[in-house]
Amino acid sequence: MLIDQLTLDGELCEASIEQQPRQPEGLAALRRLAEAIGAESCGVYHLAGAQEALRLVPAVDGAASGISALTRAITTRSADNFARAIAASTVPLWWRHGDSLPLRCATAQCWSAEVQPPLATAPGIAFPTTVERGQAGAVVFAGPAIGIDEVQLCDLHASCFALFAEVWRHRARREKQAPVMSKREIECLRLTANGLTSEDIASSLGLSVHTANQYLTNTTHKLNAVNRIHAVAKALRCGMID
Amino acid sequence: MRPDADSRRNWQATGPITSRNLMAGFLRSVTRAIGASHYVLVEPSLEHGTRSLRIISSNWIFDALEELGVSGLAKIVESGMANGAGMTPRPIHPDHAAFLSADERDALAIYGHTELYCQKLAARGHTVFALFSAGYAGRIDPKALGSAHMRCTYALDQFFHSTRDIEPPSMLSERERECLLWVSEGKTTDEVALILGVSSNTVNSYIAHAIQKVGASNRAMAIATAIRSGVI
């Protein structure tokens, strides 16, 4: 089930659940990964909010129906420590349940880090992921039978990156298409972001200052920005320039 | 669960990577394990508005690095052929690479870098590029490279944890950061002043400080630098 919105307390908001007639993108791949490591529950989440208000928001829940206990546990307001740990970490984060760890060799433990359990009923592991230009999240697995060695840890994390990128691509596609910009317009934006003035851009590209300004004005309008600094910021944030 | 992993792929940890020497040793073993012969680890840096590359570690012979040059390395890194985490690694063949000059292609060929993989590694907020190369095509195993990518990421995480600040020193004050954020949303100085409840002069002052601190020459560049490094 694809979940677009949960209210702050993790309660389901009836009107905002999208019941897709076909499987949401990434669900099959997520379930395959979970099966390969013997996980009972799984999910793909993205990070939202900032600083004190950082939260994990579900993007794909691996449960057959409804919201899994895992999703409930890690997206509530009181799971903010877990969200912050994920935001700050490059390496996988795991938690134990009693004596049970999700890892089965010392080398895997050497690469990863242990955290306070966000879920009290089973051990689990979270793989922090990011896509180009900032959007961050994690793919999380939990269950008593998980036992990952070092090679699986590396391979699985790589697969999680691929899965997260896939989920994010589909999300982006559902939103409004980006406006079509000409190569010159993008080039002028990029040079502006690197600190060049209109005069510099004009001489660098062999144009008149008037033409360079025209390109920049065009980009400002196409991106629905109020000025060219705003246009640069928007272009950077949606990955149009880097 | 999983069939016994190929013993060649099992990785023995010798302890956390806390120094450049240990990082070099680690990279040498990864290079061997994936079938490559050479590696170079570079980091893009932005100082006073000019982008350049810093070489963190390498087993290339000096002449090869000198002939290719930092500019040649930069071209490879910026070629769009860099592979991120989870991506199927695509190789670069210098003799077909249109983005390199003839001299640069020669330099790579002469020193035995016939096939290259450029891996983009992100750890602890830093982005670095690891170039693995071999003397002939097909020598490097793309599947082994895929898991080596994450292994390298974890090693870098340990390396940066030991050798750099855990929290990058926040150069900008909260107010300076806020001003940049609002300007990046298209607000004028007067509007930002209204939002923050201070005078326009104060806002201009915050912005001027921010521009100076990030080493930018104007507002647009300061905003771009801040967004690129995730500050806003």
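Author: Two residues are in contact if their C-beta atoms, placed from the backbone, lie within 7 Å. This is a predicted model, in which local features need pLDDT of at least 70, side-chain atom pairs count only at pLDDT 80 or more, and totals for chains, interfaces and linings use all residues. Residues are numbered from 1 along each chain as its sequence is written, while chains are lettered from A and ligands numbered from 1 in the order in which they are written.

Reader: Which element gives the largest share of the side of chain A that touches chain B?

Author: The contact takes 36 residues from chain A and 37 residues from chain B. On the side of chain A, the elements that give two or more residues are α4 (106-111), α5 (150-174), α6 and α9; helices (H or I, at least four residues) and strands (E, at least two) are DSSP runs, numbered from the N terminus. The largest share, eleven residues, comes from α5(A).

Reader: What percentage of the residues in chain A is buried?

Author: The secondary structure of chain A comes to nine helices and eight strands. A residue is buried if 20 or more other C-beta atoms, placed from the backbone, lie within 10 Å of its own, exposed if 12 or fewer, and partly exposed in between. Of the 242 residues in chain A, the buried share is 45%.

Reader: Which strands stand at the edges of the sheet in chain A?

Author: The open sheet has six strands in the order β4-β3-β8-β7-β5-β6 (chain A), with mixed pairing; two strands pair if DSSP finds at least two bridges between them. Two of the strands have a single partner strand each, so one side of each is left without a neighbour in the sheet. These edge strands of chain A are β4 (55-61) and β6 (113-114).

Reader: What angle does the direction of helix α3 of chain A make with that of β4(A)?

Author: Helix α1 (residues 27-37) of chain A packs on the sheet, touching β3 (41-48), β4 and β8 of chain A, and its direction makes about 125° with that of β3(A). Axes here are lines fitted to C-alpha atoms, for helices over the stretch in contact, with angles from 0 to 180 degrees between N-to-C directions. Helix α3 (residues 80-88) of chain A also packs on the sheet, where it touches β3, β4, β5, β7 and β8 of chain A. Its direction and that of β4(A) make an angle of about 80°.

Reader: How many residues of strand β7 of chain A are buried?

Author: From β7(A), G124(A), A126(A), P128(A) and T130(A) point one way and I125(A), F127(A) and T129(A) the other, and all are buried. The strand, residues 124-130, is therefore largely enclosed by the rest of the structure. The count of buried residues is seven of the seven.

Reader: Which residue of β8(A) does I125(A) stand opposite?

Author: β7(A) runs antiparallel to strand β5 (residues 93-95) of chain A, with three bridges, and W95(A) has G124(A) as its bridge partner. Seven bridges join β7(A) to β8 (residues 136-142) of chain A, again antiparallel. There, I125(A) stands opposite F141(A).

Reader: In β4(A), which residue is the bridge partner of V44(A)?

Author: β3(A) is mostly covered, with seven of its eight residues buried. Six bridges join β3(A) to β8(A) in an antiparallel arrangement, where H46(A) has G137(A) as its bridge partner. β3(A) and β4(A) are also antiparallel and joined by six bridges. In β4(A), the bridge partner of V44(A) is V60(A).

Reader: Within what arc do the buried residues of α8(A) fall?

Author: An α-helix has 3.6 residues a turn, so residues three or four places apart point the same way. In α8(A), the buried residues are A212(A), Y215(A), L216(A), T219(A) and T220(A). They line one face of the helix because, seen down the axis, they fall within an arc (of the directions from the helix axis to the C-beta atoms) of 140°.

Reader: Which helices do the buried residues of α8(A) pack against?

Author: On the other side of α8(A), H210(A) and H221(A) are exposed. The buried residues pack against three elements of chain A: α6 (183-193), α7 (198-205) and α9 (228-237).

Reader: What separates the centres of domain 1 and domain 2 of chain B?

Author: Chain B has eight helices and four strands. Its domain assignment, from an automatic or database source, gives domain 1 (15-163) and domain 2 (174-228). Taken over C-alpha atoms, the separation of their centres is 36 Å.
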